Amino acid sequence: MKLVILKIGGSVVTNKFSKKPRASFKNLRIVSKEIASAYNLKKMPLLLIHGAGSFGHLIVKKTGIDKGIKNIKQLKAFAETQRLQNKLNLIVMQFLISENLPVISYQASAGAVMRSGRLVQMDISTLKGLLEIGMIPVLYGVPAYDENQKCSILSGDQIAGFLAKKLNAKIIMHGTDVGGVFTEDPHLDPSATLIPEINSKNIDQVKKYLRGPIQVDVTGGMIGKISEIIKSGVRGQVFNALNPGNIHKALNGEKIGTTIEVIKN
Ligand SMILES: Nc1ncnc2c1ncn2[C@@H]1O[C@H](COP(=O)(O)OP(=O)(O)OP(=O)(O)O)[C@@H](O)[C@H]1O
Ligand SMILES: [Mg+2]
């Protein structure tokens with residue numbers, strides 16, 4: 001069976017509108033139960049990623065470390081952003097483990113090299129081994145070492161694309177707070193309509209609909225997700241993980257939300 005990569009967005013695992021880091025225990029409980037029920041049914045090789053929401057994004061926006069390090073204060077912000085993301089990861093892991101999932105944290109910035117915001121190097125042999133023995137690695141967006149600008153943000157969206165390509169995944173799934181890709185950000189325009197499939201025929205039109213998020217998001221919101229999926233050359237899917245049952249359906253192979261077919265550039 002080919003690998004499934006599921007990213008649960010920061011808009012699901014945290015309260016993204018909060019001005020302080022705040023995890024959503026209610027959502028985490030539901031998400032973990034659904035992942036466990038689908039996993040116990042299929043036992044597919046699975047790699048999980050979670051986003052940042054009100055943990056990582058706010059401090060990065062305030063201190064500008066995504067654009068590089070220019071002073072000592074920013075070095076401390078680099079450290080604090082990493083701590084906040086580690087803290088969120090511990091909370092997420094507590095919920096996943098309480099559902100008896102064989103999950104293991106993998107802190108991507110410990111071995112990642114970035115170049116002007118793009119991930120250029122990350123050893124995947126540990127992840128491969130962990131998957132082979134039946135573990136579910138859990139990665140998360142992190143501030144990482146950057147050769148050109150000292151620090152940049154390695155988003156969960158970018159990790160998903162990079163690993164999907166390297167590990168020859170079947171699909172990248174994004175569970176987020178909207179029902180897929182719409183003709184306009186549905187938070188801004190509730191009359192926007194869902195685009196069920198993005199393919200090489202409609203991609204140019206769809207690009208005009210994609211916006212950054214209304215909440216603080218330093219890694220591009222929906223634009224970031226779709227462009228990373230396209231760069232990876234692996235199929236993608238975006239769905240609303242806040243609707244009960246959707247994670248289970250997606251992991252079960254159902255076509256919900258928007259699917260992104262492989263688009264050759
Ligand atoms: N055309 C569009 N269709 C759907 N959503 C859109 C569109 N344009 C912009 N968006 C925004 O993209 C957001 C989802 O991306 P975002 O990066 O905020 O989510 P996330 O992955 O859950 O969070 P995080 O980056 O913290 O992990 C939606 O909440 C919506 O506001
Ligand atoms: Mg985002």
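At what angle do the axes of helix H6 and helix H8 cross, and within what distance do they come?

## Helices H6 and H8

In this predicted model, the axes of helix H6, which spans residues 156-166, and helix H8, which spans residues 221-232, come within 8 Å and cross at roughly 10 degrees. Because angles under 35 degrees count as roughly parallel, H6 and H8 are described as roughly parallel to each other.

On the H6 side the contact is made by Asp157, Gln158, Gly161 and Lys165, and these residues meet Gly221, Gly224, Lys225, Glu228 and Ser232 in H8. When the residues of this contact are sorted by class, there are 5 polar and 4 charged residues and no nonpolar ones.

## Helices H2 and H4

The axes of H2 and H4 also come within 8 Å, and they cross at roughly 45 degrees, which makes H2 oblique to H4. The crossing of these two helices is right-handed.

Phe25, Leu28, Arg29, Ser32 and Ile35 are the residues of H2 in this contact, and their partners in H4 are Ile91, Val92, Phe95 and Leu96. By class, the contact of H2 with H4 has 7 nonpolar residues, together with 1 polar and 1 charged residue.

## The aromatic pair

A pair of aromatic rings is described by the distance of the centres and the angle of the planes. The count for this model comes to 1 aromatic pair, formed by Phe25 and Phe95, whose rings are 5.6 Å apart from centre to centre with 45 degrees between their planes, an arrangement classed as tilted. The pair links distant parts of the chain, since Phe25 belongs to helix H2 (residues 25-42) and Phe95 to helix H4 (residues 72-98), 70 residues apart.

How do the two partners stand in accessibility, buried or partly exposed? Phe25 has a relative accessibility of 46% and therefore counts as partly exposed, whereas Phe95, at 10%, counts as buried, the cut-off for buried being under 20%.

Most residues other than glycine have a negative phi. With a relative accessible area of 45%, Ser116 is partly exposed.

Asn168 is another residue other than glycine with a positive phi, in this case near 55 degrees. The place of Asn168 is in the loop between H6 and strand S9 (171-176).

Ser11 is found in helix H1, which covers residues 10-13, and at 12% relative accessibility Ser11 counts as buried. If neighbours within four places in sequence are left aside, Ser11 is in contact with Lys16, Thr176 and Asp177. The C-alpha atoms of Ser11 and Thr81, which lie 70 residues apart along the chain, are separated by 17 Å.

Asn246 is located in helix H9, which covers residues 246-251, and Asn246 is buried, with a relative accessible area of 11%. Not counting residues up to four places away in sequence, Asn246 touches Glu34, Phe239, Asn240 and Ile256.

How values were computed. Residues numbered from 1 in each chain as written. Chains lettered and ligands numbered in written order. Predicted model: local features only at pLDDT ≥ 70, side-chain atom pairs only at ≥ 80, totals over all residues. Heavy atoms only, no water. Axes fitted to C-alpha atoms, helices over the stretch in contact; angles between N-to-C directions. Helix = DSSP H or I, 4+ residues; strand = E, 2+ residues; numbered from the N terminus. Parallel < 35°, antiparallel > 145°, perpendicular 65-115°, else oblique. Contact = heavy atoms within 4.5 Å. Nonpolar A, V, L, I, M, F, W, Y, C, P; charged D, E, K, R; others polar. Phe/Tyr/Trp six-rings, centres within 6.5 Å; stacked < 30°, edge-to-face > 60°. Buried < 20%, exposed > 50% of the residue type's maximum accessible area, 1.4 Å probe, protein only. Left-handed = near helix turned anticlockwise from the far one by under 90°.
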